[in-house]
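Reader: I'd like to learn how to read a ligand site and a ring pair in a model. Could you walk me through one?

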Amino acid sequence: MIELVNKRVLLGVSGSIAAYKSAELVRLLRKQGAEVRVVMTATATEFIQPLTFQALSGNIVYSAWDDADRGDGMGHIELARWADAIVIAPASADLLARLRQGMANDLLTTLCLASNGTIAVAPAMNRLMWDNAATKENMEVLRQRGIHILGPGTGGQACGETGLGRMLEPEQLVQGISGLFTSGILSGTKLLLTAGPTREPIDAMRFLSNRSSGKMGYALAQAAIEAGADVTLISGPVALTPPERAKRLDVNSANEMYEAVMSEISANDVFISAAAVADYRPANPSKEKVKRKDDNVDLALTQNRDIVASVAALANKPFTVGFAAETSDIEKHAMSKLKRKGLDLIAANQVGDGQGAEVDDNAMTLYWADGCQHLEKTTKSKLARQMVAIIGEHYRAAT
Ligand code: PMT
């Protein structure tokens, strides 16, 4: 199940007899390639030992308040930020009520409150508790808040009754959890994306380049695949493994990137230019390694073609998304690039001082002709999913 490969699932286990099934859930999630960390409520630890989850997940289990601040140095905010999705299975009636109230009276509910990402719950309770008006109201509010509800199932219950309220079986939960990572907004579309830096040769040995690691572009490629797009990734030289289902074309210089984009573009519906393309290249690169002299050297530079602007100028242009990497006056420069390059949307980020390039986290503001949306700092993979959702909406509205 490709959707779960390298996904970070924070599994919350609350107090229910169904907690024993969550041990199998951890095993199956890991088998599908997900990384799993487990947070247990105090009551859950009365049903099943944390050691079971520790052995199956390969990570320490968090339960007490200060657990998140010990051992691996991951505090509770970092833990919430770490997760691509928080999945609470089993979610008891009490846990669901506390979640609905926005309470933070244990580690698990605090993590949910501190998360701006995907949260899913797998209810598990007696059929009458599930049918109770209070539970029904709680579920409705949680659903409206965008929390995903997996199940419950129907059948025999631990209390001897039969009805709706059983936690879904681990195999069903794995299906449901993988579905959290497939929004489908780009289903049926072909998306071309550039990522990473370019290298502009000075001589046989040396080049001009920049700090881009490709992380943002690769995260976007993965998010676009999860959203259903057929992705071609044109990549500058980076040390990253491409998403399994992307077609990757490797290039070095801005000229090579231009040629690769232009030969692929006509087949695509959406173009995202996340690469940090050099604006200039050495005018006269030497085939030989230039010898050191006892004097300064002047390096003449010539302008590269603007790839994203060339795509946006095509008669049959795709929905075109550019980036703006800025150190000051972000909005002003981003809006100017949006207009000047003829883009449909631009994603502006702050660079310099350890921000934007190379690092794992980023924040972004997306601008379009008559609006904008700010996305708070988070991991590049989460940010990419939020960006793809917005790009998808705008693309759909434009076609
Ligand atoms: O790779 P990471 O380490 O994860 O870092 C991510 C990032 C900071 C590189 C990324 O988020 C980002 O900002 N990418 C765009 C960098 C950039 O070149 O920005 P710019 O403002 O200089 O260029 C504006 C737009 O024109 C960009 O979409 C760029 O791809 C495009 N461009 C620029 C020059 C050129 N010759 N051709 C282009 O298409």
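Reader: Which element gives the most to the shell around the ligand?
Author: Strand β16 does, with four residues. Strands here are DSSP runs of E with at least two residues, helices are runs of H or I with at least four, and both are numbered from the N terminus. This is a predicted model, where local features need pLDDT of at least 70, side-chain atom pairs count only at pLDDT 80 or more, and totals for chains, interfaces and linings use all residues. Residues are numbered from 1 along each chain as its sequence is written, and side-chain values use heavy atoms, leaving out hydrogens and water.

Reader: How many residues surround the ligand?
Author: A residue is near if one of its heavy atoms lies within 4 Å. Here 28 residues surround the ligand, and S212, S213, K337, N349 and E358 are the closest.

Reader: What about aromatic rings?
Author: Rings of Phe, Tyr and Trp (its six-membered ring) pair if their centres lie within 6.5 Å; planes under 30 degrees apart are stacked, over 60 edge-to-face, and the rest tilted. The count comes to one aromatic pair. The ring centres of F319 and Y395 are 6.2 Å apart with planes at 75°, so this pair is edge-to-face. F319 belongs to β16 and Y395 to helix α14 (residues 380-398), so the pair ties together parts 76 residues apart in sequence.
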